[in-house]
Amino acid sequence: MLEIRAPRDFDAPARLASRFARRYQDPRRDDFAPDGVVIDLRDCAVIDPPAALWCVVYASLVRWKGIRCRVLAPNDPTLCAELAAQGFFSALSSSGTELHGSIEPRGTARDSIVFPISDIAGAVMSEAAGYEIQGRLQQTNGISANIPGLVAEIFFELINNALEHSESPVGRFATVQVRGQSTVLCTVADGGIGITESLGHNPAVPSLRQDQDAVLLALEEGITGTDSPTRGIGLNWVSNASHLIVHSGDGLVEDGRDITPRGVTFPGTLVLSICGGG
């Protein structure tokens, strides 16, 4: 049995560095074959969107492999209310993950949920979601006039990048939330091949061995996993338009800087774009 116990302040997947009972195990690998997986969130007081999407993607990949997966809900009722509002428990249940603990919403959510955790199935759904996000942000007090359109464009770019390149067997998940009064978090994640392998599909891109090198290269203008000369502006544009964190494989890059914590991995790719704020 693989047991994963999350820390009290679970803001990002990197927080799991010292929390695995054994060496990190990637569900995408052929040799991933535990008797079962338990993701223990009972001690958590905070679970931010990147960490929530790690749970959803990891559990979904475990279930995709036909392995039993259980998530132990936080003991904190307010946090459970937040997670329920985010669609966290619904996303886990949809994958066949077993939920244990009190998951009934009690209390109020800390953040405004503009777009709950959702599996985006295609470009049509992505476009509709983008317009929905823009409209909801336009009705949110404290959001600068330019932010709704910007976030909608970023959402559309990130989710369509995942749809085109990730080859994720478990879907592409996204959520948009307002933190505090004016900061918008747009988070997109998949359980696919990762940026390193995606860039490897383009013969014009040099061979890369390290995930952090691939992430840094993907942020450059004109770099894409296809060989089309008109592509490759997406992540570069998003990185210039917002505070951007990209986590793919064991590579972690924030605002163009390698901050990779060795030994930690994301099974696929996660991108967090932060707009607005003070």
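A few ground rules come before the details. Because the model is predicted, local features need pLDDT of at least 70 and side-chain atom pairs count only at pLDDT 80 or more, while totals for chains, interfaces and linings use all residues. Residues are numbered from 1 along each chain as its sequence is written, and side-chain values use heavy atoms, with hydrogens and water left out.

The chain contains 8 helices and 13 strands; these are DSSP runs numbered from the N terminus, with helices being H or I of at least four residues and strands being E of at least two. Of its 278 residues, 53% are buried, where buried means under 20% relative accessible area, exposed means over 50% and partly exposed lies in between, using a 1.4 Å probe and protein chains only.

Helix α5 (residues 147-165) has helix α4 (residues 123-138) as one partner, and their axes come within 8 Å and cross at roughly 160°. Here the axes are lines fitted to C-alpha atoms, for helices over the stretch in contact, and angles run from 0 to 180 degrees between N-to-C directions. That makes α4 roughly antiparallel to α5, a label for angles over 145 degrees, with under 35 counting as roughly parallel, 65 to 115 as roughly perpendicular and the rest as oblique. On the α4 side, the residues in contact include Ala123, Ala129, Ile133 and Leu137, and on the α5 side they include Val151, Phe155, Phe156 and Ile159. Sorted by class, this contact has 11 nonpolar, 6 polar and 1 charged residues. In this sorting Ala, Val, Leu, Ile, Met, Phe, Trp, Tyr, Cys and Pro are nonpolar, Asp, Glu, Lys and Arg are charged, and the others, Gly among them, are polar.

Helix α5 also packs with α8, at an angle of about 150° and with the axes 10 Å apart. The two are therefore roughly antiparallel to each other. Leu150, Glu153, Ile154, Glu157, Leu158 and Asn161 of α5 meet Gly234, Leu235, Trp237, Val238 and Ala241 of α8. This contact splits into 7 nonpolar, 2 polar and 2 charged residues.

Helix α7 (residues 211-218) is mostly covered, with 6 of its 8 residues buried. Those buried are Asp211, Gln212, Ala214, Val215, Leu217 and Ala218. The cover over them includes α6 (194-199), α8 (234-241) and the strands β10 (243-249), β11 (251-254) and β12 (257-258). Over in helix α3 (residues 88-94) sits Ser93, which counts as partly exposed at 41% relative accessibility.

As for the cysteines, the structure has 0 disulfides, a disulfide being a pair of cysteine sulfur atoms within 2.5 Å. The sulfur of Cys44 has its closest cysteine sulfur in Cys55, at 7.5 Å, which is too far for a bond. Likewise, the sulfur of Cys275 is 7.6 Å from the closest one, in Cys186, again too far for a bond. Cys44 is buried at 2% relative accessibility, and Cys275 is buried at 4%.

Notes. Contact means heavy atoms within 4.5 Å.
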